[in-house]
Amino acid sequence: MVANSDVNIAVTRGHVHAIVGENGAGKSTLMKILYGMQRPDEGSIAVNGKTVTFSSPSDAIEAGVGMVHQHFMLADNLTVLENIVLGSEPRKGGLLHHAEARRRIEEIGASYGLDVEPDQLVEELGVGDRQRIEIIKVLYRGAKILILDEPTAVLVPQEVDELFDNLRELKAEGLTVIFISHKLDEVLRVADEITVIRRGSTVATVDPAETNARALAELMVGSELPSPETRESTVTDQAMLTVSDLTLRTSDGRALLEDVGFTIHKGEVLGIAGVEGNGQGELVEAIMGMRRAEVGEVRLGDEDISGWPTRRRREAGVAYIPEDRHRHGLLLEAPLWENRILGHQTQEPNVSGPWIDRKGARKDTQRIVEQYDVRTPSIDVFASALSGGNQQKLIVGREMSGTPVVLIAAHPTRGVDVGAQAAIWDHIRTARREGLAVLLISADLDELIGLSDTIKVILRGRFVADVDPSHVTPEELGSAMTGAGASA
Amino acid sequence: MNSRLDPRRILVTLAAPLMAIVFAFIITSLVLFAADDPIVDTWTTILDVGSQPRSISLIVNSATVFYFSALAVAIGFRMNLFNIGVDGQYRLGVFTGAVVGSAVSLPKPLHILVIVLTSMIVSALWAGIAGILKVTRGVSEVISTIMLNAIATGLIAYLLRKVAVPVAGSNNIGTELLPGSARIGGLGLIPDSPVKIYGFIVVAALAGIGYSVLLSRTRFGFDLRATGRSESAAVASGVNVKRMIVISMLLSGATAGLVGMPVLLGEAYSYSLAFPAGLGFTGIAIALLGRNHPVGIAIGALLWAYLDVSGNPLQILVGFSSEIVTIMQGVIVLSVVVAYELVRRFRISQEQRRVARALEAQPAPREPQGVGA
């Protein structure tokens, strides 16, 4: 139904069609074209055999093409119902016709198995629910073809399962789903057909039953895959980061972290495995000093740093690759060289005394751009102008600068393409050989198993198991993460 | 930044205020037309103001005062703090400065210094209340500074009754006149003008330079701007945001303390009921107009002062209404805010496109587009 000139894709009605490719391979651009947010220079799009031109998203919606964005576009302080009808409200006497809106939402919910509570405020909802609302929003506007841009990036595994159930339901009702992702195992689970894009053009369209994740990844990259395997052990007996009895509660007393403790030695990588939202974020924030733990101690080498503010910890050599680079890692509307300074505002070569050393910071930014292969025309462009993977490379380069002693890395290769991923792994491995202690949190189980010397499994704020990465498979680790399998 | 000198970038930066002024000109003309007022004559009268030496002096003097006010607001803006309270802060500061200044006797430069510092400290502390309330109790600085304005008004009225002496030849009351050692002489910068320029204009220029250096060249300034751009990223980078809020409010308040100084030390020599009020709000408009940039604010202050002064002849002439100037000022601010936002978005998307293009042109483009997920 949909075609494009340098990219050729044919999507069959009632199928889930996945599009996979590296960062910057052109997935997002393709989606923007399909949704009328960007005009194609050449080529055509046909829906149900009829050629169409979309000059804006509303044209696309008219033709029955709807898009669910990666970042949700919902108003927190409105109810589910209000969010869904926003912009195309059924009216009665100039006012919102609540009963009619509710009827239609319930109808959609019933026919596609999408359960939502129309009167709940969106701010009270979790990510999975929000995504369902986004899908209903699109269906409410009469879409027959749904484009989902990286829908699983923000979901925990259970929510992914629910989403996939929903997608199957949609498919059964004759809707078509275009599913963009770079999580290959998920794509293999849900798609009826998979198209691989590389450097802006389609490489292959494959049947998921006849391929596997590795073969797909090789199609994406166009070459043999690197692996995160770490060969020799470099663990020493010198404790670098020691956390003991760490406990953190919400204001209503629910435990976010309970009695968490571990030691990372010089040259050791400690991996934390767990379903997202089980306390990893809080653990990182407590170690970085962004959040105060009520009980417990954090030691850096021999020193108790529990009372230190974040800046002092960073000055002492604790590097930090945050989970959410937009919120915690970058100033999006600032040039790259200013982003080099961020987090290292008191350190060489960024400052001399109370002054910012522009020359030093710029020179070092240039070094990072070269060493970490950050694709940018200059260090004066805003960080927002770079692709996600390149932003991540800049952050990794920055945090590895100035010989850190401890690295807190939350999803260091998230959103990064396969080539850059291998480079980041190399950098971490090299630094580890030179004595860096790393706390690695990752949802990528292969990465976790490949890089870590020890793995601890976290569940509901507690460590429930220790795993030896040399004798564990991703499947075993996955079941330990959900509380099944391995002993607590 | 090297790229600041890029001519295209300069053009884009200038586009917004120019668009806003043209737009304001059109709207104002339409208002004149609808009200059946003389359009051409009104504009020639307004434009004529710029050619009279006396008016030019008045414009520069008003602009000096506005400059401090806008700078005070801008310090807050750079950190996403809305200091609506510059108005109360400067009035309380200048009042205290006038009282202290008339009570002590000191040799010339010291006397002036004492008055200026008193005013700055009082204004800073008044602003600091809002900062402390924000970091300890989570009170929005918008609300607290508005309230503090009202309290300052009452407080000054009450205290003025205690210390006031009648102003000769009127039923106005004010603080005692400052002696000669606390006065700053005017500068005869504009030839043929009977009005002298405030000597305090030198301090305004220094304050502008200080602001620029502080924000873009120091660690403190970096922390401040980082907090304004993204509080979460600033926290992760080790900025103590609470401390920054208090310091910024103090700094903003201290600058507000300078607002009343040119008039007090160069013209009025006393704080009376007739002392100019409302300058803090003008400062908000000018800070927006000047995009918190020290040069931009200077241009904005001059423009604002120009329009203010051009209201005078309109008031005198029959058949004209000077309120048209206020309408114009209002439209400029509104349209400039919209125009800046448009330009900002344009620049971000331009830059993304530019990066994508530049990368496509590179020899080995593994990532040909800058838009990957």
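Author: Two residues are in contact if their C-beta atoms, placed from the backbone, lie within 7 Å. This is a predicted model, where local features need pLDDT of at least 70, side-chain atom pairs count only at pLDDT 80 or more, and totals for chains, interfaces and linings use all residues. Residues are numbered from 1 along each chain as its sequence is written, with chains lettered from A and ligands numbered from 1 in the order in which they are written.

Reader: What share of the contacts in chain B with a separation of 6 or more comes from residues 24 or more positions apart?

Author: Such residues account for 73% of those contacts.

Reader: Why is chain B called as compact as a globular protein of its length?

Author: The radius of gyration, taken over C-alpha atoms, is set against the globule rule, 2.2 Å times the number of residues to the power 0.38. For the 373 residues of chain B the rule gives 21 Å, and the radius of gyration is 23 Å, close to that value, so chain B is as compact as a globular protein of that length.

Reader: What makes E16 and E22 of chain A edge strands?

Author: Two strands pair if DSSP finds at least two bridges between them; strands (E, at least two residues) are DSSP runs, numbered from the N terminus. In the open sheet ordered E16-E19-E20-E13-E21-E22 (chain A), strands E16 (318-321) and E22 (462-467) each have a single partner strand, so one side of each is left without a neighbour in the sheet.

Reader: How do you know that E16(A) and E19(A) pair?

Author: They share four bridges, in the parallel sense, and the definition asks for at least two. Ala319(A), for one, has Leu407(A) in E19(A) as its bridge partner.
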